[in-house]
Amino acid sequence: MTTDNVLIRVDGLQKSFGKVDVLKGVNAEIKKGDVMVVIGPSGSGKSTFLRCLNRLEEPTGGHIFFNGVDITDKRVNINLHRQKMGMVFQQFNLFPHMTVLRNMTIGPMKLLGKSKQEAEEKAMQLLQRVGLADRADAYPSQLSGGQKQRIAIVRALCMDPEVLLFDEPTSALDPEMVGEVLEVMKELAKEGMTMVVVTHEMGFAKEVGTDIVFIDEGIIIEEAPPEEFFKNPKNPRLRDFLSKVL
Amino acid sequence: MKEWFLEQKEQFILNFIEDDRWEFLVQGFFNTILLTILSAVIGVVLGILVAAVRTTYDNNYETFKKNGGFGFYLMAVINWICKLYLTVIRGTPVVVQLLIMYFIVFATSDNGIMVATIAFGINSGAYVAEIFRGGIMSIDKGQLEAGRSIGFNYVQTMIFIILPQTIKNTLPTLLNEFIALLKETSVAGYVGIMDLTKAGNNIRNQTYSAFMPLIAIALVYLVLVVVLTWLVGKLERRLRKSDH
C-alpha cells in the first residue's frame, strides 16, 4: 500500500464548514525527512489542510494515513497519534499559568510516563539548544514573541514527535523576531526532522523546503521541488500569486 | 448625652444579656455559617458537573454526532436535563424552592438544616455552573487545541490546562456568588431554622425593641462578607503570580 518511507499519506481529503467546501479532495504524500512547505492565498484552505492532519479539524471526507494507519477511522485513538505529531501555532498557545519548564514537561510526564527528572533534563537540553535555558522558570507573559515561539517549538519536540506541523509560525511575530524562529526551524530540518509548514516566508520555502505545495480554492494546484517550483511555475494562478509575493 | 448612653446600655442589657438572649445570636451565627459552607460545597460540585456537561457537549458536538449511536443521544439527554435545571432554578425564587423542598420533597424529614442545605446548594449550583461555563468559554480556543495537539484527551486538557486558568479568572465572580449565598441563607427562618436573621428577629419579638438586634445582625453579616472578601483577595493575589 505504502512504502516504508512514507510518513503521512493524504487521500482525497475533504473538509466543509457547513455549506462551504474548504478542501475539495487533497492528495499528498509526506516522506520521512521531507520538509513540505504549503503556500497559497489566504482562505485557500492551507491552514485547514494542516489542521486536518492531526484532526484538530475533523475531515468530512477522505483518508489520512499516518505510519500506514488510517487516523480518520473513528475507532482509532487519535490522542496516541497526536503524541507523535507535534504542532506549532501562529498564536504560540503556550500555557500561561505554567512556567516555561512546566509547559515543556507536562506532556512527557503525564502522557509518556517520564519522571520529572527525565522530563526536565530533556527540556533543559532543548532550551539550551534554542538559547533560552535561562528562561526556564519564566512565565510565558514575560517572554517576547520570538522567545514564545521558540519555546512552543521545543515544547512540541519534548514529545519526540515524528513530524512537526507548523501553522504560520512567524505570522504573529514582529519582523525582527522572525529570523530567530526560522533559524530554529532550519536547524531542525537539517537534522532530518519531518516537517509540514504553512507559511508566507518564501525565502524559507526556497532554502529549506524539499517539496513546495500550492493550494488554492481547496485543491493542490502545483507541487514541486523548490527550484522548479519558483523558477518554472506552470499554473497561471501560481504565477500570479508568486508575482505578488516575491 | 449621659442619659442617652444610659438608655443604650439599658437597651443592650435588655436585648443581649437578659435571659441570655445573646445565645440566640451565637446559635444563629453558627447555623448561618454552617448553611453557607455546606451549600457552597454542594453548589460548587453541582456547578462543576453541570458546566462540564454543557461545555463538553458544546465543544464536542461534531465529534459526538460523527460517532453517533447511543453516546450521542445520552449526551443530548444529559445536556437537556442540565439546561432544564438551570432554567427552573434560576427562574424561581429561592424562598419558594426552600418551601417546596421542606414541605413537599422532604415532607417527612424534620432535619431543617439538611433540607435547607440541599435547597440552597441546588440553587447555588445553577449560578456557579453558569459562572464556570462562562469562565471556560472565555479561555482562548488555542489553549484547548494546544493541549489536544500534544496528545491530551479532552478531559486531561480540561483538568491540566483549561480549569486552572478558569478558576483564576472566575474567582471574583465566584466570590460574588458566595456573598449572595451567605445573605440568601437569611430566608432559612421560613422553615424554622434559627439562623442569624431569625435569631435577631426572635430577640426583637421578645423585647419589642428593634434597633439593637437588627443592627447587630446586620453588622455580623457585614463583617462576614468583609472577611470573606479579604480571604479571596489573598487567594487571588497568590494565583495571579503567573501574570506580570
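Modeller: A polar contact here is a pair of N or O atoms within 3.5 Å; within protein, one must be able to donate a hydrogen and the other to accept it. By that rule, 6 residue pairs are in polar contact across the interface of chain B and chain A, with both partners at pLDDT 80 or more. Keep in mind that this is a predicted model.

Which parts of chain B build that surface? Helix 3, helix 7 (141–150) and helix 8 (154–184) of chain B each bring at least two residues to the side that touches chain A. Helix 7 of chain B gives the most, with 9 residues.

Now the charges. The rule finds 1 salt bridge across the interface of chain B and chain A. The side chains of Glu145(B) and Arg51(A) meet in a salt bridge, at 2.6 Å from N to O.

Next, the extent of the interface. In contact are 25 residues of chain B and 28 residues of chain A. Between them, chain B and chain A bury about 2,300 Å². Carbon and sulfur atoms carry 56% of that area. Within chain B, the most area is lost to chain A by Lys66(B), Ser149(B) and Ile150(B). Together these three make up 25% of what that side buries.

On to the rings. Over all chains, the structure holds 10 aromatic pairs. One of them joins Tyr61(B) and Phe72(B). Their ring centres are 6.1 Å apart and their planes stand at 65°, an edge-to-face pair. Tyr61(B) lies in helix 3 (residues 61–67) of chain B and Phe72(B) in helix 4 (residues 69–91) of chain B, so this pair ties together parts 11 residues apart in sequence. Tyr61(B) is partly exposed, at 34% relative accessible area. Phe72(B) is buried, at 13%.

Tyr102(B) and Phe103(B) also pair edge-to-face, because their planes meet at 85° with the centres 4.9 Å apart. Tyr102(B) counts as buried, at 18% relative accessibility. Phe103(B) is exposed, with a relative accessible area of 52%.

Tyr61(B) and Phe72(B) also belong to a cluster.

Chain A has rings with a charge over the face. Lys15(A) lies over the face of Phe17(A), 4.8 Å from the ring centre. Lys206(A) lies over the face of Phe230(A), at 5.4 Å from the ring centre.

Terms used: Residues numbered from 1 in each chain as written. Chains lettered and ligands numbered in written order. Predicted model: local features only at pLDDT ≥ 70, side-chain atom pairs only at ≥ 80, totals over all residues. Heavy atoms only, no water. Phe/Tyr/Trp six-rings, centres within 6.5 Å; stacked < 30°, edge-to-face > 60°. Helix = DSSP H or I, 4+ residues; strand = E, 2+ residues; numbered from the N terminus. Buried < 20%, exposed > 50% of the residue type's maximum accessible area, 1.4 Å probe, protein only. Lys NZ or Arg CZ within 6 Å of the ring centre and 35° of its normal. Contact = heavy atoms within 4.5 Å. Buried area = accessible area lost by both parts, 1.4 Å probe. Salt bridge = Lys/Arg side-chain N within 4 Å of Asp/Glu carboxyl O. Polar contact = N/O pair within 3.5 Å; in protein donor to acceptor, adjacent residues only side chain to side chain.
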